[in-house]
Amino acid sequence: MPGTISRFDYIDAARTIGERFAGLVRDVDTPDARVASRRGWSLADCVGHIACEPSRYLDLVHGKDEWPCHPSFLADIYAKQIANLPTRDTCTLSERFLADLDELLDTVSHFGARVPMMRIGGRQRVRSDTALGILIGEMAVRGRDIARAVGEQWEIDPAIAPLVTRGGHQLLRPWADSHHCCGHNATYDIRIRRTSERIIYRFVDGRLEIDPTDPPHPDVFISIDAETVVLAAHGRFSPGSALLGGRAFAWGAKPWLALGLNRRLAAARSHTMTS
């Protein structure tokens with residue numbers, strides 16, 4: 001079974017990386033520079049999107065908003081965020097971001113025993129504290145995109161990989177690609193390097209189970225670098241390039257299954273946070 005991660009682990013990680021992100025973008029003097037993204041965003045677009053996310057998460061926590069029923073609808077949400085930005089000044093946006101992030105984290109820190117649940121398309125629910133892992137991943141990957149655009153250094157802390165993964169799992173189950181998963185039966189044992197995190201994905205006739213109670217012997221074992229986990233979840237690495245570059249390694253009865261796992265989860269992973 002996975003180890004315990006408390007809400008305060010999510011809060012501390014979000015605050016740390018949020019302050020790093022704000023420090024990176026505060027004094028950017030090329031707001032119209034393009035960042036590496038299939039969305040075609042400028043640097044100011046990217047900062048503006050991240051600046052809007054803590055307030056959107058607060059609305060999700062309080063039931064004023066919900067995650068869409070399909071990840072493709074996130075593109076419209078993000079486009080509206082950018083179109084309605086009150087300013088494109090990155091310093092002002094970073095100040096707004098930190099203020100809203102502080103409010104969000106304070107709200108999460110005061111949750112009682114019954115953690116508020118965010119809605120997905122009006123039907124399913126996800127834990128509001130664990131969902132912070134999604135925001136942590138966004139900040140990490142967008143920070144890397146911006147740093148590369150402006151020639152700055154940006155390292156992704158391996159310790160956030162389990163937080164990002166568990167946050168992403170909140171949406172991965174309802175958003176998994178039913179077309180590519182249909183009829184699939186296999187068990188994947190995934191270990192994240194430089195962490196103690198181990199994940200079991202089990203597909204039963206196409207239905208995804210994450211960390212089931214009594215899984216069968218895995219068909220494939222995958223060892224993957226922690227930074228690559230975060231980047232791959234945001235479409236920055238393909239399984240093939242990760243395996244060829246030594247950032248991942250697969251073995252077991254059916255090691256070739258590792259190459260198709262990302263494709264089976266593509267619908268959720270390509271839209272969940274960034275692309």
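**Entry 1: ground rules**

I noted that this is a predicted model, where local features need pLDDT of at least 70, side-chain atom pairs count only at pLDDT 80 or more, and totals for chains, interfaces and linings use all residues. Residues are numbered from 1 along each chain as its sequence is written, and side-chain values use heavy atoms, with hydrogens and water left out.

I then checked the confidence, called pLDDT (the predictor's confidence in each residue, from 0 to 100). The chain average is 90, and 94% of the residues score at least 70. I marked residues 270–274 with a pencil, as pLDDT stays under 50 there. For that stretch the model has 22 contacts beyond four places in sequence; a contact means heavy atoms within 4.5 Å.

The axes are lines fitted to C-alpha atoms, for helices over the stretch in contact, and angles run from 0 to 180 degrees between N-to-C directions.

I went back to α2 (residues 43–61) and α4 (residues 90–109), whose axes come within 9 Å and cross at roughly 25 degrees. The two helices are therefore roughly parallel to each other. For the naming I used these cut-offs: under 35 degrees is roughly parallel, over 145 roughly antiparallel, 65 to 115 roughly perpendicular, and the rest oblique. On the α2 side of the contact I found, among others, L43, V47, I50 and L58. On the α4 side I found residues including L93, F97, L101 and L104.

Next I followed α2 to α3 (residues 74–83). Their axes come within 9 Å and cross at roughly 105 degrees. That makes α2 roughly perpendicular to α3. Here D45, H49, C52, E53 and R56 of α2 meet L74, I77, Y78, Q81 and I82 of α3.

I stopped at D45, which sits in helix α2. Is D45 buried or exposed? D45 counts as buried, at 11% relative accessibility. Buried means under 20% relative accessible area, exposed over 50%, and partly exposed in between (1.4 Å probe, protein chains only). Beyond its neighbours within four places in sequence, D45 is in contact with R34, I82 and R88. I also looked up D45 and G143: they are 98 residues apart in sequence and 13 Å apart in space, C-alpha to C-alpha.

**Entry 2: α5 and α6**

The axes of α5 (residues 132–150) and α6 (residues 161–175) come within 7 Å and cross at roughly 120 degrees. That makes α5 oblique to α6. The contact is made by G133, I134, I136 and G137 of α5 with L163, V164, G167, G168 and L171 of α6. I wrote down a left-handed crossing for this pair.

**Entry 3: the cysteines**

How many disulfides does a search of the whole structure find? I got 0 disulfides, a disulfide being a pair of cysteine sulfur atoms within 2.5 Å. The sulfur of C46 is 12 Å from the closest cysteine sulfur, in C52, so the two are too far apart for a bond. C46 is buried, at 0% relative accessibility, while C69 is partly exposed, at 41%. C182 lies in the loop between α7 and β3 and is exposed, at 64%. Between C182 and F221 I noted 39 residues in sequence and 22 Å in space, C-alpha to C-alpha.

**Entry 4: some loop residues**

H184 is in the loop between α7 (178–181) and β3 (186–192). It counts as buried, at 8% relative accessibility. Leaving aside neighbours within four places in sequence, H184 is in contact with F203, V204, D205, G206, L257 and R264.

I then checked phi for R194: it is positive, about 65 degrees, although R194 is not a glycine. R194 is in the loop between β3 and β4 (198–204) and is exposed, at 60%. D211 is not a glycine either, and its phi is positive, near 50 degrees. D211 lies in the loop between β5 (207–210) and β6 (220–224) and is partly exposed, at 23%.

Terms used:
Helices (H or I, at least four residues) and strands (E, at least two) are DSSP runs, numbered from the N terminus. A crossing is left-handed if the near helix is turned anticlockwise from the far one by less than a right angle, and right-handed if clockwise.
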